[in-house]
Amino acid sequence: MLRYFLHIPPTSHFLLLGLIVLLRLPAFSPALLLPEESYYLVLAEKLQQGAHLYSEAWHAGPPLMAWLFHALWAVFGSSSWWVVRVGTALYIYLAAIYYNGILAEYKLFRQFSGLPAFIFVFLASVPWYSLEMSASLLVLWPVVAAFHAVLRLGERRRQNYGLLFQAGLWMGLSVLVSYKVVFILLGLLVAYLVLRAPRLDELLALVMGGAVVTAMVLLMLFFNRSLTEFFDIGILYYLDRSGLSDGSLYRYDVAFQLRILAICWGPFLLMALLGFLHYRARYFNYVVKLRALETTMALWLGGVLLALLFKLNRLEFSDFILLIPPVVFYAQRPLQAAWLRRFRVVFFLLVALPTLYMELHFWGTRFPDTLGWLRIETGDRWLHGGTLPLLQEAHPLLDALPTGSDGIWIMADTPEWYRYLGRTCAFKYTDFRIAYYKFGYWENGADPLYSRREPERDIYLAFTQSPPAYIIDPREYFPLLQARFPALAAMYEAREVAGTKVFFRRGSWPSSSP
């Protein structure tokens, strides 16, 4: 790893770190509550209380991300959010150095040897409301390492076994962080088949690498008595969820995500397109080693595009992060062209101005008394990504609720509210999106195709054994549960708090509260 640092001049390292701090400065504000990060912190706190993942804390996806946050919570407690954000900045810096070093070994640069690292950092840090350690970001390093291992294959069979085992290990870890990586894994397999004469023993080494880490995780789930729930919620429900974008709780604005992509990444995407066309047109003009690198990047790009198509109905901005390595590779080629260097100031202004403009509005919202003239209008979602309420000093609903340490339940896709209130989820239904689908008592609900409905007995036991202190119900779903379980009607009473229904256990509403 040390040799990769040497590919960038010392002054460029300081500039790179400065760019990370500048772009990620909003992330160090405790007022910025990021949805995916908040969800994993809620899950981590629940696991720290002794719950088992999947069986006692619902999570739709592979387990490694949840276990990572649990490990951080076990050490740092409620300060984990700070550790995650600092660690994310450091992770991006090291991943950029690593990827830049790989490209430098192919003698791609006539000058500006650190350019890929700067592009990498920029793309991983915009817009400001996506500054969280998402699963897509976490897998970048291991996926790059897997492709790098395939590129290093040579004539020595024993060495190839080790490299392919490493590639399988890295890809297995990546899939257990984010299932989307399966599509990139297909690109890796095609890269191996295209670049080399395939051998069965080498393919077995690749498969064994992935099998080792997968077997370890399955054994851990088995001994935690969560294996059955993992297959139901962690895999089958994940497949069911791919078709749920039409439900009232699943509203993904794909056009909005694409607009943000064009605003924040547009100039680099244009350069990447030019670079891709250049390499395709002049493919045989390059040496074999560079052609192999370009082929792997093209296959990576194809795998990510397949993943985006798979998730098209529920596309999120974090999904685009997987595009960063191929975009960096292709964009750096035209950016080093002599004709473009004449307009580099104009180009980088086009890159920087939208990002800085968006970040200025963050500070205007964060400090309305002193920087109120920078505040954004609620309707300008492209500036705040829908996170505007999470930056206010006062939230009308949440500030009106009583304080305490008892668990609650939020019947909405807003895990950041748990963090705002300093509360945890009372029972296993940590992700209300899963409960919305698996309970089946709501209008517009979908029938499971692969996963099973939650048994009514289990729902009732969850409320009787670990009743939430109160239930925040913005869409008024809880009365439907009360109609199905009359005991819940006797247990909870409703109050209107800041225009939102909140259900409290009878007699528990503090007399001092409004």
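In the predicted model considered here, the axes of helix H8 (residues 140-151) and helix H14 (residues 288-310) cross at roughly 140 degrees and come within 11 Å. H8 and H14 are therefore oblique to each other. Their crossing is right-handed. On the H8 side, the contact involves Leu140, Val143, Val144, Phe147 and Leu151, which meet Ala292, Leu293, Thr296 and Trp300 of H14. Sorted by class, the residues in the contact of H8 with H14 comprise 8 nonpolar and 1 polar, with no charged residues.

Helix H13 contributes Trp265, Phe268, Leu269, Met271, Ala272, Leu274, Gly275, Phe276, His278 and Tyr279 to the contact, and helix H15 contributes Ile324, Val327, Phe329, Tyr330, Ala331, Gln332, Arg333, Pro334 and Leu335. The contact of H13 with H15 has 15 nonpolar, 3 polar and 1 charged residues by class.

For helix H12 (residues 227-241) and helix H22 (residues 432-439), the axes come within 12 Å and the crossing angle is roughly 75 degrees. That angle makes H12 roughly perpendicular to H22. The residues in contact are Asp232, Ile233, Tyr237, Asp240 and Arg241 from H12, together with Arg433, Ile434, Tyr437 and Lys438 from H22. By class, the contact of H12 with H22 has 4 nonpolar and 5 charged residues, and no polar ones.

The strands were examined next. An open sheet is formed by 4 strands in the order S1-S2-S4-S3, with mixed pairing. Strand S1 (409-410) and strand S3 (492-497) stand at the edges; each has a single partner strand, so one side of each is left without a neighbour in the sheet. Strands of a sheet pair through backbone hydrogen bonds, in either a parallel or an antiparallel manner. Strand S3 and strand S4 (residues 500-505) run antiparallel and are joined by 6 bridges. Tyr492 has Arg505 of S4 as its bridge partner, Glu493 is bridged to Phe504 in S4, and the partner of Ala494 in S4 is Phe503. In the hairpin of S3 and S4, 2 residues lie between the strands, and Ala498 takes a positive phi near 50 degrees. Strands S2 and S4 also run antiparallel, with 4 bridges joining them. In S4, Lys501 is the bridge partner of Asp473.

Backbone geometry was also considered. Most residues other than glycine have a negative phi, and most peptide bonds are trans. Glu476, a residue other than glycine, has a positive phi near 60 degrees. Glu476 is placed in the loop between strand S2 (470-473) and helix H24 (478-484). The peptide bond that joins Val126 and Pro127 is cis, with omega about -10 degrees. Pro127 is found in the loop between helix H6 (115-123) and helix H7 (135-138).

The protein averages a pLDDT of 88, and 95% of the residues score at least 70. Confidence is highest in helix H4 (residues 64-76), at a mean of 97, and lowest in helix H16 (residues 338-341), at 74.

How values were computed
Residues numbered from 1 in each chain as written. Predicted model: local features only at pLDDT ≥ 70, side-chain atom pairs only at ≥ 80, totals over all residues. Heavy atoms only, no water. Axes fitted to C-alpha atoms, helices over the stretch in contact; angles between N-to-C directions. Parallel < 35°, antiparallel > 145°, perpendicular 65-115°, else oblique. Left-handed = near helix turned anticlockwise from the far one by under 90°. Contact = heavy atoms within 4.5 Å. Nonpolar A, V, L, I, M, F, W, Y, C, P; charged D, E, K, R; others polar. Pairing = 2+ DSSP bridges. pLDDT = per-residue confidence, 0-100.
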